[in-house]
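Me: I am new to looking at protein structures, so please give me a close look at one part of this one. I would like to hear about its cavities, and about what surrounds them.

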Amino acid sequence: MNAIAVMLITQAVHGLAYGMLLFLVASGFTLIFGMMGILNIAHASFFMLAAYVAFQIMAWSGNFWLALLLAPLAIAFLGILMERVMLRRIRRFKLGKALVLFELMLTVGIMVCIEEAVKNIWGTDPQIINAPDALRGLIPCFGMTYPAYRLFIIGLACSILILLSIVLFKTRLGNIVRAAVQDAEMTVALGINVPLVFTFVFGLGTWLAGVAGVAAGPLLTVFPGLANQMLLDSFIVVALGGFGSLMGAFIISMFLGELTAFGVQFFPGYSTIILFGFMAFVLTFRPLGLFGERE
Amino acid sequence: MKSIRAIAPPVTCICLLCLYIISMDIGAARAFTPLQADFSSYDPEKQEIPSGDTIKVGLLEPFSGQSASAGEISNWLLGWVVHDINSQGGIMVDGKMKKIQVIKADTATQPVVAKRALQRLILNDKVDFFVGTAGSHIAIIGNQMAEKYQKIFLNYSAYSVHLMNAQNFNRYTFRTCSTTDINARGLAYYFSKTPIRKFYILCQDYSYGQDFGASMKKALKEFVPTAEVVGEVYHPLWLKDFAPYLSKVQASGAEMIISSDWPPDSWNLMLAIDQMGMTIPVAGQFFDDPRMGENLKNKKVGLGNTVVNFHLCNVETERNSRFNKIFHERYKDNAKVQIDWPTGVVGGVIGHFYWFFDVVQRAGTLNTEKIINLWEGDTYESFAGKLTMRKCDHQAVMDMFVSTLVSPSKWSKTGNGLGYQEQAVRIPADIVMSPCPEGLK
Amino acid sequence: MLLEVKDLNSYYGLSHVLQGMSLTVYSGEIVGLLGRNGMGKSTTLKSIMGLVRPKSGSIRFQNQEIAGHESYQIARAGIAYVPEERRIFSNLTVLENLMMGVKPGENQYQGGWTLAKLYHHFPFMKDRSAQKGAHLSGGEQQMLSIARALMGNPALLLVDEPTEGLAPLMVQEVRDVLLKINKEGVAILIVEHNLKVALSLVERVYLMGKGHIGFSGSVQELQSMPHVQEQYLSI
Amino acid sequence: MKRQFGKWCAWAMILGGLYMAPRVLGVFELNVLLGTAIFALFSLSLNLLLSFTGLLSFGHAMFFAAGAYGTVLVLTRLSGFPLLPLIGIGAAAAIGLALLLSPLLVRVSGHAFAMLTMAFSQIMYATVMKLSHITGGNDGISGFAIPSVSIPVVGVVDMALEQNFYYFAISILGLSAWVMWFFTRTPFGSIMVGIRDNPERVTYLGFSVPLSKAIILCVSAGFAGVAGSIYALFQNMVSVDGVLGPLSSFSPLINCFIGGLGTFIGPIFGTGIGTILLELMSAHPEQAQLVFSLVLIAIVLFLPGGVIMLYWKANTRWMAVRQNIQNRFFKRRIYE
């Protein structure tokens, strides 16, 4: 294979890996937004917090798999706590559509809070999580060698995507979630305990952020600014993909990953302008995003 | 009685002599000796802040935001020096021993926040001097405010060469760290003695990174005419994923990446190199962090990383050995500060602080003009070598040190991991220093 | 007595929509709730359903107080709601839409209304069970909405404007379906704009004035009092 | 009558206080006051969109930045340009930007409006960084001299002097705030509220919603531009992080929120409280953000009407207050 082809494929896989990671974050973001209408700005902070919790579990046990199992659960627990204690409280104020702004402010506050708490606990230095030995090194694929851990991320995200699709599209629980995403009031009128489903979805969303956070740990260093980077990207994914659309989130995540990778290759420094230009264009003509169905 | 009378005159004489010596010692403007305090009690986390009639030093650094760790480090470096001086009683200024009080001001690495913080430092907290700062775009605010309010500004960590050119120069700002130009010249000179010829420039996309890229190209042209810059790319600050950049580097056939990155970007870069299974070394100022070395699993990664700095712990001088020893004793088991041997920046900046307070001590006053007059042209023996404050642009003239990371190294944590080579290469000031900028005398 | 609403007061933000609303539905009957726009007919249904939380008053269903309960608890108690504008889950298939009506913890074959029975009443659903709800016509969506509500085996069906925006033929069909359901023993409280349809369907009517009941009586009584119709219904 | 008198007294006290400020306060405190006033105007202009028209913007900073860059670029390129028109140029730059974007922005509302404004401000950020030879990029432009003003009777006033600049800036800021307040009282103000509450009705009444939105956007942008312009002059610098960074768009939102949504004067209180908090925390910069976020969370959870509610709360019971807020603002929806 000639060098250019190898180059193109490599960049494509790079984009895929980052896109997959982004999808893990954005899927939770879009689920929570689509279902509960909460623009959870703190979502990316949960992502970062998961990386730190994983770092701490690694420091205690040295086992990456344990961290991958436990840290997302801890984060999901925190998310559920936040939903039940805080978000539910302001829902009770009955603020109508202004609720969105209140939730926005609350989650902004929580985001800053998490970032500062992380700084106080773990300090401002970057921390490093080591990938398990089984996932180190390179694996031959597509006629070249590629880092195993990045392939692992692709695999992990794919399996979660499949799992999530099965849960959402093939089970009654999934039907309920999708129904509630579209019309929570009607769903509750059919005898379904929607507040409980809300809590479940919030937990699921933060769990996804947690998984992404642990997976991102060995790929990026863990530092307090990690959340800001992810926040903007997942914002774009959710806005472009359509609020609450899992498929949209997946496609836009891939697109963004590839744009970044090929942007570095062909037009370094301009991919931001292209990306936001594209976003402006899409939102002007499809305000609900490319795959959005509901306001 | 008799015996007392007999020994009274010599005792009196001795007492008087002692008093004379003591008073002479206090009265004379003397340079203090660094590293006198007992550092075993020094805890960067809990610094004693003296109050009352003190010398107030503003520390302008990011304490929040993405670069907060830079501020933290500066704070404990300054704290180290202040601890030393304060436990010796302080500095004699205007006929009075005064302790040093550090007042922190947060820039959040944003010029506007920095400006406000500086106004508070100067107008509200009434600091005598201020020191800083990470980020060239912040330092330029420091320059302006120093000039406006006629306060001395010690810049120890903003490297952009244009900060002290004819347009931005003012007589209140002193720069003790190197510049992008000096770093680049040091590196290029070093490479002229090695067979490495293919370089890839990978820097951060803002003024400092761009300055370094430009300086590097100029210096390579001057010192290594046969060198080839096979690629040049500027990445955004706080980049998430280096992989696409590294694939580009790999395809270019480069033998050495030249990068101005600082943490967390420098860490991310090394980590990505590790993950990609690449072994191309990186040259720059911040690729010697021991914490990074400990965490790279592939032992070939990081080998050959070339560090250029105005101080390195493997520079063999008497002062440096002493400093290294104290530092190592203090920090080798500290879990929070995982730097067991002082990295270049750490040692260098501590030296710069000593120099600054030494100047104040010798001036014997807080009067700005007197300190400026004394400092211009002043020479100080720092840990690694001599520093001279050039009068024309207030840029410290210094030898530069280049070291390659090897393994095993006695400068690694375990003694057989990745670390500096045995001894740094000293590149004399007359090679690395560029002449005074045009328009300045 | 199946449902007894007494002195209900509900607010929409600040506006006092229901002002001492009272009505009664007996088992197995069809009751119409009629009135001009903005009188609070839909709000009455929503208040019974718990979607609008009444501020005061009592709602007793099968001798149990349900006012202030969560909507899903009310639904589980045996009240089903067919809303205005159908509110079909457009991204779910017809079958999934139907299954949403099954109450949690119950088997769909447990009660009287099974899938097979519904397919019998609404044959088109069987053929189109795998289609997305969005692809149905207005009338079909209305049928699906009713069928979905029935899946929960309710004792009382609250139906809000079932014929709005439908073609005359479809209106007829909806009317027939409601009658058939009623024959199976389900009581129906219906809000209907189309007076002709309403009167051909119901046994008793309530006419709403501003937030309260202005007239109640049988269809015959109403028809014999044109001035009441004039007062509460004409535009 | 008594109420009126109290009102006039309050006004007199505020004006007198602002007039006396330079004589009482030190330079630092004066700067803090003026900085707060500038951000208060910026927040007020955002509030025009947020509270009155019900449009949530995540990119209002771009108008602020347009004002700042417009003023500074003209000032540094054309020597001898007088001061007052400079601020006009700042406003004009912001209005120009709003005009340019309005055909796209008026088409959308709700989250799409928020996202679209965010996208445009990010594009502006990236562009300003790319055009660093003009805008100074990350370093920004700084250290320019503020032109003096010659007033016929008084003579030449040196604006480099803090007190003089304070009087100049505070009068423009105050005037702008008053004009904005007046704007909300005109019939057009009711159209704004109409767009927020019931756009169909506005159309029904014969007004074009997109056109009205465009006008509101321009007005709001213009005042943001004035704030940005004065800010650049006051700080004597403009830098991309300072006027376009992620915080620049969010902090006025937070100010509006803390102060009290749905009121005209809320953002002023919000900005003031933000400043006071920052000043109180100045000795512990590392923890300032933490405290600020905790205050924000506490306000969301326990004082949902903002600080201005404290005043109401003293008079009425909680239920009544909540209804008051709902009546004023949340009657139907915050934005369409």
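Reply: A few ground rules come first. This is a predicted model, in which local features need pLDDT of at least 70, side-chain atom pairs count only at pLDDT 80 or more, and totals for chains, interfaces and linings use all residues. Residues are numbered from 1 along each chain as its sequence is written, chains are lettered from A and ligands numbered from 1 in the order written, and side-chain values use heavy atoms, leaving out hydrogens and water.

Now to the cavities. The structure contains nine of them with 30 Å³ or more. A cavity here is a set of points, on a 1 Å grid over the protein atoms alone, where a 1.4 Å probe fits but cannot get out. The largest cavity holds about 590 Å³ of space, a volume being the space filled by probe spheres set on the points, which are joined across faces, edges and corners.

What surrounds the largest cavity? Its lining is made of 36 residues, a lining residue being one with an atom within 4 Å of a point. Nearest the centre you will find A70(B), W262(B), P263(B), F286(B) and V345(B). Two elements of chain B give two or more residues to this lining: α2 (68-87) and α11 (344-363). The largest share, five residues, comes from α2(B). Helices (H or I, at least four residues) and strands (E, at least two) are DSSP runs numbered from the N terminus.

By class, the lining of the largest cavity has 18 nonpolar, 13 polar and five charged residues. Nonpolar covers Ala, Val, Leu, Ile, Met, Phe, Trp, Tyr, Cys and Pro, charged covers Asp, Glu, Lys and Arg, and the others, including Gly, are polar.

The second largest cavity has about 140 Å³. It is lined by 18 residues, with D288(B), D289(B), P290(B), L418(B) and G419(B) closest to its centre. In chain B, α9 (290-295) and β16 (419-420) each give two or more residues to this lining, and α9(B) gives the most, with three. Ten of the lining residues are nonpolar, five polar and three charged.

Next, step back to the domains of chain B. The domain assignment, which is automatic or from a database, gives domain 1 (39-175 + 345-366) and domain 2 (181-310 + 400-432). Each of these two domains supplies at least three residues to the lining of the largest cavity.

How do the two domains meet? Their C-alpha centres lie 29 Å apart, and twelve residues from domain 1 of chain B and twelve from domain 2 of chain B take part in the contact, which means heavy atoms within 4.5 Å. Between them they bury about 1100 Å², with carbon and sulfur atoms giving 65% of it. Buried area is the accessible area (1.4 Å probe) that two parts lose on being put together, summed over both.

On the domain 1 side, Q66(B), Y159(B) and V345(B) lose the most area to domain 2, together 44% of what that side buries.

Methods. On a 1 Å grid over the protein atoms alone, a cavity is a set of points where a 1.4 Å probe fits but cannot get out, and a pocket is an open set with protein on both sides within 12 Å along at least five of seven lines; lining residues have an atom within 4 Å of a point.
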